Amino acid sequence: MLKANYNIKLTDLHFHAYHGVMPQETKVGNEFIVSVSVTIPFQSSVLDDNLDATISYADIYDIVKDEMNHPRKLLETVAATISIRLTEKWKQIVGGEVKICKSTPPISGISGASEVAIIF
């Protein structure tokens, strides 16, 4: 039997959300880009085109979307909560990453973005 893992990824998911510490962030919001990767072991039933051998992209997205709709001060909290929900729902997940990018952080003079990632 093949010994391998799958990485299932959703990348560049765009959300307007209200995460942050500054009053402007909680009122006006900001643009966020989220990428999620989960690793699951290969199952031979995938060769039979069996949907139970994998995890639905749509179900992963629903968790991300739900958490992005709950304002938090820390992006670390959002990323951790997403990873916890993923691993609680799908016990076969053996690792992954949640990356959240704030496209215009409220830092004077900054021309880039800020990003937080949790690797589990």
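**Strand pairs and packed helices**

Trainee: Which residue stands opposite K102 in β3?

Mentor: F32 does; it faces K102 across the strand pairing. Keep in mind that this is a predicted model.

Trainee: Fine. How many bridges join β2 and β3?

Mentor: There are 8 bridges. β2 covers residues 30-41, β3 covers residues 95-102, and they pair in the antiparallel sense.

Trainee: And what is the bridge partner of V34 in β3?

Mentor: V34 has I100 as its bridge partner there.

Trainee: What about the other pairing of β3, with β4: how many bridges there?

Mentor: β3 and β4 share 6 bridges, again antiparallel. As one example, E97 stands opposite I119 in β4.

Trainee: What holds paired strands together, in general?

Mentor: Backbone hydrogen bonds do, in either a parallel or an antiparallel arrangement.

Trainee: Is β3 mostly covered or mostly exposed?

Mentor: Mostly covered. Of its 8 residues, 6 are buried.

Trainee: Let's zoom out. What is the strand order in the sheet?

Mentor: The order is β1-β2-β3-β4. This is an open sheet of 4 strands with antiparallel pairing.

Trainee: Which strands stand at the edges?

Mentor: β1 (5-17) and β4 (114-119). Each has a single partner strand, so one side of each lacks a neighbour in the sheet.

Trainee: By how many degrees are neighbouring strands turned against each other?

Mentor: By 10° on average, with direction ignored.

Trainee: Now the helices. Which strands does α2 touch?

Mentor: Helix α2 (residues 57-68) packs on the sheet and touches β1 and β2. Its direction makes about 35° with that of β1.

Trainee: And α3, which strands does that one touch?

Mentor: Helix α3 (residues 75-89) also packs on the sheet. α3 touches β2, β3 and β4, and its direction makes about 150° with that of β3.

Trainee: At what angle do α2 and α3 cross?

Mentor: Roughly 145°, and their axes come within 10 Å.

Trainee: Right-handed or left-handed crossing?

Mentor: The crossing of α2 and α3 is right-handed.

Trainee: Which residues of α2 and α3 meet?

Mentor: From α2, the residues are I60, I63, V64, D66, E67 and M68. From α3, they are V78, T81, I82, R85, L86 and K89.

Trainee: How many of the residues in that contact of α2 with α3 are nonpolar?

Mentor: The contact has 7 nonpolar residues, along with 1 polar and 4 charged.

Methods:
Residues numbered from 1 in each chain as written. Predicted model: local features only at pLDDT ≥ 70, side-chain atom pairs only at ≥ 80, totals over all residues. Heavy atoms only, no water. Pairing = 2+ DSSP bridges. Helix = DSSP H or I, 4+ residues; strand = E, 2+ residues; numbered from the N terminus. Axes fitted to C-alpha atoms, helices over the stretch in contact; angles between N-to-C directions. Contact = heavy atoms within 4.5 Å. Left-handed = near helix turned anticlockwise from the far one by under 90°. Nonpolar A, V, L, I, M, F, W, Y, C, P; charged D, E, K, R; others polar. Buried < 20%, exposed > 50% of the residue type's maximum accessible area, 1.4 Å probe, protein only.
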